[in-house]
Amino acid sequence: MSTFRPPQKVQVSEWVEKEIHLPKNVASVSGRISLYEYQKGIIDAITDPSVERVSVLKSARIGYSTVLIGLLAHYVVNDPSLILLYLPDEGLARSMVTSDIEPIFNESPALRKVLSGDKSAKGGKKDRSTMLMRQFNGGSLKVLSAETDRSFRAHNGRIIILDEVDSMKVIGDGHPVDLAVTRADTFPDSKLILGSSPVCEETSHILAEYAKSDQRVFEVPCPHCGDFHEIKWCDIRWPEGHPEKAAWWCPSCGTETHNDYKVSMIAGGRWRITKPEVKGHAGFRINSLSSPIPKADWRLLAQDFVKAKNDPTKLQVFVNTRLGEGWKTDGDRIDELALQESAEPFGLGGPDQHPFPEDVLSITVGIDMQDDRGEAVYLGHTEAGQILVLDHDIVYGSYEADEFWTDIDTIAKQRWRHPLGGEIGIDAIAIDSSNGSHMPYVYDFVRPRLRRKVVAIKGDGGRRPFILRSKTMKKDPLWIVGVDSIKDTIFNRVKHGKIFRFSKDLPEVWYEQFTGEQSVVKMDRGRPVRKWIPVPGRRNEALDCTVYAIAAKELAPVNWQERREQLASGYTLAAANDSAPRTKPRKAASTWL
């Protein structure tokens, strides 16, 4: 395929700033694009013919999407070829095309009407269910999901881009990074571009790729002494209790510099190669500390940190998405005896139980299905973000018997007297339907109760959202739960402070089941992957139920102030069923049994 490449004297970043225009629905300020200095450096290095592989270790709030759009525009107009752009899932792929690529191309005179639809699709219509494809003179652009082997087997490209590789998981044929490399084997001048915020330090793909590169860092000049430094979190300081006064302190001269100088510092910044012996693989490390975007103000970042520092889950998000650093774990097991010793005198307030805790303003339930029983865990949620394990129940019986589901319905109908004065019920219930034989019975139970947030769920591993509608939702009332993501959250919160709290009413065996899995790093087709595996000799129903109840909370957001006022006024909050309040025995005995 013949290609036209602009003379090397013309920097691609200059062409991007001249030709690309941003519409109002994409940027806060519409008009011709203006690149930050670090964006220019990334674009010009990527389009350097001597660079074959690029790794961008990044955070959010640096304008990386703008870099990708600039690169795509350059390759479409100036250097046409086959381009493959992979994102972690189909939703992100579709959003990239419809929210970013198409609006910007349509707004820019040099790019307008350059892309056409997939003319190879049947009837001339684009098949958006499997991929998003645009054609242009001399090549094509395919924006694909990295979720399936098909996305890699069926396509080849000279320019291959993978965004958010740490959110991609191993599929049937291997990891998407390894599969993407093979898609360019037939092109002698191919280019592979990888970008991502890191997740876990032990398993991060982008950290591993950056380590193999020439490891470029973006340095800015100190306004006072002129020395160049990479802006690091350890050099952002503020008076105790006043993160709104955060500033950068120069490691050379020790002078305080406020955020007002950041724009001029970045304009005078430069990329420095720290491993010049590495050729052909350019690596870039950049995070929001070096971004002039208003939301990346050092003072705002310091305030974000203060809000997140006592919650390891929120702190990990800050470390990953603001600092662009991998999260370090400090062990893979939870001490069950320590948890049991930390138990507190609270419960659901029934006969022979400890009193209902006043700070609990929401209750969710997770139910794990077994062949001869269903097990339920009740979680209480506070405005401060604490999770209280209130109780654990077992309903014995066969899932094929109506009496079994009557007992499950009894659980759903419960209400409790709240210390503030009113009555509180269950906001949402998630019931496991992953066993094929249980599935139709669970579906039949939840269908008439979906409005009350009684849902059927199925767990899935990997880095997924806590809960999402299944793509088959129109046919089956199913939600997919990111069990590994929630287990990581549980592990982090239990290991760091009093975010998780436990009732003295829980039996000893509950703690054994709650700690019935451990997190380990294993090699999966040549790549390190963190997985949760059973501890030999232990069951894990309590952990599974807790995972499902946490997922259920995502479906039931609460206005905490309104909820508190309702309870204080004696209001009876509807449970997961509209029936009248009931009192449930400690164990919901099945009449079938």
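**View 1. Strand β18 meets β25.** In this predicted model, strand β18 (residues 387–396) runs parallel to β25, and three bridges link the two. Two strands count as paired here if DSSP finds at least two bridges between them. Look for L388, which sits opposite R501 in β25. Strands are DSSP runs of E with at least two residues, helices are runs of H or I with at least four, and both are numbered from the N terminus.

**View 2. The open sheet.** Eight strands line up as β23-β24-β22-β21-β16-β17-β18-β25, with mixed pairing. At the edges are β23 (467–469) and β25 (500–502), each pairing on one side only. From one strand to the next, the twist averages 30 degrees.

**View 3. Helix α14 on the sheet.** Packed on the sheet, helix α14 (residues 483–495) touches β18, β22 (454–460), β24 (478–482) and β25. Contact means heavy atoms within 4.5 Å. The directions of α14 and β24 make about 45 degrees; axes are lines fitted to C-alpha atoms, for helices over the stretch in contact, with angles from 0 to 180 degrees between N-to-C directions.

**View 4. Helix α17 across two strands.** Helix α17 (residues 560–568) lies across β16 (360–370) and β17 (373–382). Its direction is at about 100 degrees to β16.

**Notes for all views.** Residues are numbered from 1 along each chain as its sequence is written. Local features need pLDDT of at least 70, side-chain atom pairs count only at pLDDT 80 or more, totals for chains, interfaces and linings use all residues, and side-chain values use heavy atoms, leaving out hydrogens and water.
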